[in-house]
Amino acid sequence: FGAIFLVIVPLIITVYLLYWSPHDSSARQTGKQRVFGATYMTMNNPYFQMLDAQIQGHLEWVLKRPEYKYLSENNSSSEVCPNNPDLLPLLKAWITEVLELHADSKFIHLGADETWFLGTCPICSKQDKIAVYLDHVSKICSFVLEQGRIPMIWADVFQRENRTEEAGQLPAGTILVDWQYSGTPPYPGTEILMKSGHEVMGASGAMIGWWEHCLQVISEFQS
């Protein structure tokens, strides 16, 4: 969990990455002071602040702790099981902490990408992969929307499973961020995403040509 600060200067974009763990003992003692300090330092500059979280994959920092290992998907060291009944309350609690620390931030990126172990545990393997994924991600997106914020997720899982059109089932207001590992746009998957009814943002080295859209989002945030 963390925050990304983009300070916009003519022809230059400076990115500040601030990561903190709400369930690390040292971070709990000093994390709020550090986060508020960083937010204050950028207040007088034109900036675009985006919060960052992970809700399924890339959670090594959580699952390395013995008390959270039981949340893993099929003993994965980086991915949690969406069907674990303890997961949703924990994610909501952690996200709430981040939102409270950044009351003025409009967006939160929930990750949800590269879920390589999706549907491999004894419970999830008996269900449809994308159905499991959609149910989990939709619950978190809905929670974020209820807090008055805008959720963003990577769209690679839908494309990897060749079910890109089902991204349209996510809660209205969710932004799909299209990460492409290689190639030249326009991509067939991107064109399908753009028919989902959701706003689509291109974001990766392969999608650098979408800079005008990123500037549009920044402009809307500042207005």
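Biologist: Is W94 buried or exposed?
Modeller: This is a predicted model. In it, W94 has a relative accessible area of 2%, so W94 is buried, the cut-off for that class being under 20%.

Biologist: Which residue forms an aromatic pair with W94, and in what geometry?
Modeller: The partner is Y68. The two rings are edge-to-face, 5.6 Å centre to centre, with 85 degrees between the planes.

Biologist: Where do Y68 and W94 lie?
Modeller: W94 belongs to helix α3, while Y68 lies in the loop between α2 (60–63) and α3 (87–101). The pair therefore ties together parts that are 26 residues apart in sequence.

Biologist: And Y68, buried or exposed?
Modeller: Y68 is buried as well, at a relative accessible area of 12%.

Biologist: How many aromatic pairs does the structure hold?
Modeller: The structure holds four. Among them is the edge-to-face pair of Y133 and F158, with 5.4 Å centre to centre and 80 degrees between the planes.

Biologist: Which parts does the pair of Y133 and F158 tie together?
Modeller: Y133 lies in helix α4 and F158 in helix α5 (residues 156–160), so this pair ties together parts that are 25 residues apart in sequence. Y133 counts as buried, at 0% relative accessibility. F158 also counts as buried, with a value of 0%.

Biologist: What does Q56 touch, leaving aside its neighbours within four places in sequence?
Modeller: Q56 is in contact with S78, E79, V80, P82, T115, L118, Y133, H136 and V137. Y133 on that list is the residue that pairs with F158.

Biologist: Where is Q56 found?
Modeller: Q56 sits in the loop between β3 (47–52) and α2. Its relative accessibility is 0%, so Q56 counts as buried.

Biologist: Now to the charges. How many salt bridges does the count come to?
Modeller: The count comes to six salt bridges.

Biologist: What is the salt bridge of R163?
Modeller: R163 forms a salt bridge with D128, and the closest N and O atoms are 2.8 Å apart. This pair links distant parts of the chain, 35 residues apart: R163 is in the loop between α5 and β6 (175–178), and D128 is in the loop between β4 (107–109) and α4.

Biologist: How accessible are R163 and D128?
Modeller: R163 counts as partly exposed at 21% relative accessibility. D128 also counts as partly exposed, at 36%.

Biologist: Which residue meets K129 in a salt bridge?
Modeller: The side chain of K129 meets that of E161, at 3.8 Å from N to O. K129 is in helix α4 and E161 in the loop between α5 and β6, 32 residues apart, and this pair too links distant parts of the chain. Both count as partly exposed, with K129 at 33% and E161 at 21%.

Biologist: Which residues do salt bridges with shared partners join into one network?
Modeller: The network consists of D128, R163 and E166.

Biologist: What about E67?
Modeller: E67 forms a salt bridge with R65, the closest N and O atoms being 3.1 Å apart. E67 is partly exposed, with a relative accessible area of 40%, and R65 counts as partly exposed at 27%.

Biologist: Lastly, where is L145 found, and what does it touch?
Modeller: L145 is in helix α4 (residues 129–146). Not counting residues up to four places away in sequence, L145 touches P151, P171, A172 and G173. L145 and P171 are 26 residues apart in sequence and 8.7 Å apart in space, C-alpha to C-alpha. L145 is partly exposed, with a relative accessible area of 27%.

Notes. Residues are numbered from 1 along each chain as its sequence is written. This is a predicted model: local features need pLDDT of at least 70, side-chain atom pairs count only at pLDDT 80 or more; totals for chains, interfaces and linings use all residues. Side-chain values use heavy atoms; hydrogens and water are left out. Helices (H or I, at least four residues) and strands (E, at least two) are DSSP runs, numbered from the N terminus. Buried means under 20% relative accessible area, exposed over 50%, partly exposed in between (1.4 Å probe, protein chains only). Contact means heavy atoms within 4.5 Å. Rings of Phe, Tyr and Trp (its six-membered ring) pair if their centres lie within 6.5 Å; planes under 30 degrees apart count as stacked, over 60 as edge-to-face and the rest as tilted. A salt bridge is a side-chain nitrogen of Lys or Arg within 4 Å of a carboxyl oxygen of Asp or Glu.
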